[in-house]
Amino acid sequence: MPDSVAVRQDNRRVEYPVDKIPEEAPVLDLGMDAVLSLAQILKKSGTVVFNGPAGVFEDADFATGTYELLKAASKVEFSVVGGGHTAAVIEKMGLEHDFTHISTGGGACIEFLTGKKLPAVDALEQSKKLFG
């Protein structure tokens, strides 16, 4: 979990520890301390499953967490990414060849990884049984 986050206050990026976030301020990104800490953790990992951006990456002020964590995740031995928005960011960054697998279906990807039977996969398996 991040120890700091970024919010928009008075139309600018402001960072807070997670236990001091103002009630009226929506969290839009990780704080820089959290970005550095989490990127180091990812770089030391052998496997990373990444599902969804870390912040509002469409806004340059709140894209740092997403970009830096994706850069770190792209360097591990085995990496799976789920989600169309995240896949689009990876392509924009030119990192698509640095990930083991990228799925545009975020929820479906996570369900598959947790062992749930996906309806389309089940239909294909049933079709194979019936038609070879």
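The model is predicted, so local features are reported only at pLDDT of at least 70 and side-chain atom pairs only at pLDDT 80 or more, whereas totals for chains, interfaces and linings use all residues. Residues are numbered from 1 along each chain as its sequence is written, and side-chain values use heavy atoms, with hydrogens and water left out.

Glutamine 9 belongs to strand E1, residues 4–9; helices (H or I, at least four residues) and strands (E, at least two) are DSSP runs numbered from the N terminus. The side chain of glutamine 9 forms a polar contact of 2.6 Å with that of tyrosine 16. Such a contact is a pair of N or O atoms within 3.5 Å; within protein, one must be able to donate a hydrogen and the other to accept it, and residues adjacent in sequence count only if both atoms are side-chain atoms. Leaving aside residues up to four places away in sequence, glutamine 9 touches Val14, Tyr16, Pro22 and Glu24, where contact means heavy atoms within 4.5 Å.

Aspartate 10 is found in the loop between E1 and strand E2 (12–17), and asparagine 11 lies in the loop between E1 and E2. Although aspartate 10 is not a glycine, its phi is positive, at about 50 degrees; asparagine 11 has a positive phi near 60 degrees. Aspartate 10 counts as exposed because its relative accessibility is 73%, and asparagine 11 is exposed with a relative accessible area of 65%. Here buried means under 20% relative accessible area, exposed over 50%, and partly exposed in between (1.4 Å probe, protein chains only).

Attention now turns to the sheet. Three strands form an open sheet in the order E4-E5-E6, with parallel pairing; two strands pair if DSSP finds at least two bridges between them. E4 and E6 are the edge strands, each pairing on one side only. E4 and E5 are joined by five bridges, and threonine 47 has phenylalanine 78 in E5 as its bridge partner. Helix H4 (residues 106–113) packs on the sheet and touches E4, E5 and E6.

In helix H3 (residues 84–93), the residues Thr86, Ala87, Val89 and Ile90 are buried. They lie on the same side of H3 because they cover an arc of only 160 degrees around the axis, the arc being that of the directions from the helix axis to the C-beta atoms. On the other side of H3, His85, Glu91 and Lys92 are exposed. The cover over the buried residues of H3 includes strand E4 (47–51), helix H2 (64–73), strand E5 (78–82) and strand E6 (101–103). Just after H3, glycine 94 adopts a positive phi of about 75 degrees.

Notes. Axes fitted to C-alpha atoms, helices over the stretch in contact; angles between N-to-C directions.
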